[in-house]
Amino acid sequence: MRKEQRVIESEIYAVEELDSTYRRLYEAAFEAAGRAYEPYSGFQVGAALLLANGEIVTGSNQENIAYPSGLCAERTALFYAGARYPGVAVQVLAVAAVKDGVRQPGVSPCGACRQVMVETEMRSGAPIRILLCGRESATLFYGISSLLPYCFDSF
Ligand code: THU
């Protein structure tokens, strides 16, 4: 038997410390949250992707009266990017949430969205940087393996 330990690194930035690209994505994610359709949860989530072609693609959560039929902001953005720009790598994914008009502390993507991010990375072969946006700070992770270690990626 041997023990293994995995260390998850992240970088925490005050919002004012973000460089112009991350700051743009931070604002785009909060703006996208404002376009959520969330009559059931009242929880607005926005995602902003930076693609390798320079495009910024956004998405927001879209709910449905038959609950599982809705979709999270992250997958809305990722699937739209795949449909609109097939084959173009996703370099950064920023995610932000608003409740009752108040910016929430860094929301962390659900398991299903993480699994879709795994596949997005597999398709491009390059790690996605993930920026969890809070009111005063944002946390940056390099690659989905930070958020979904030991993921299912082959059979
Ligand atoms: N939601 C997202 O859009 N992204 C997340 O990372 C977590 C949850 C949405 C799903 C649902 O519309 C609402 O937030 C409450 O769970």
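Q: Is M1 buried or exposed?
A: Buried means under 20% relative accessible area, exposed over 50%, and partly exposed in between, with a 1.4 Å probe and protein chains only. The relative accessible area of M1 is 91%, so M1 counts as exposed.

Q: Where is M1 found?
A: This is a predicted model, in which local features need pLDDT of at least 70, side-chain atom pairs count only at pLDDT 80 or more, and totals for chains, interfaces and linings use all residues. Residues are numbered from 1 along each chain as its sequence is written, and side-chain values use heavy atoms, with hydrogens and water left out. Strands are DSSP runs of E, at least two residues, and helices are runs of H or I, at least four, numbered from the N terminus. M1 is in the segment before β1 (11-14).

Q: How far from an oxygen atom of the ligand does a polar side-chain atom of E63 lie?
A: A polar contact is a pair of N or O atoms within 3.5 Å. The side chain of N61 has an N or O atom 3.0 Å from a ligand oxygen, and a polar backbone atom of A73 is 2.9 Å from one. For the side chain of E63, the distance is 2.5 Å.

Notes: A polar contact is a pair of N or O atoms within 3.5 Å; within protein, one must be able to donate a hydrogen and the other to accept it, and residues adjacent in sequence count only if both atoms are side-chain atoms.
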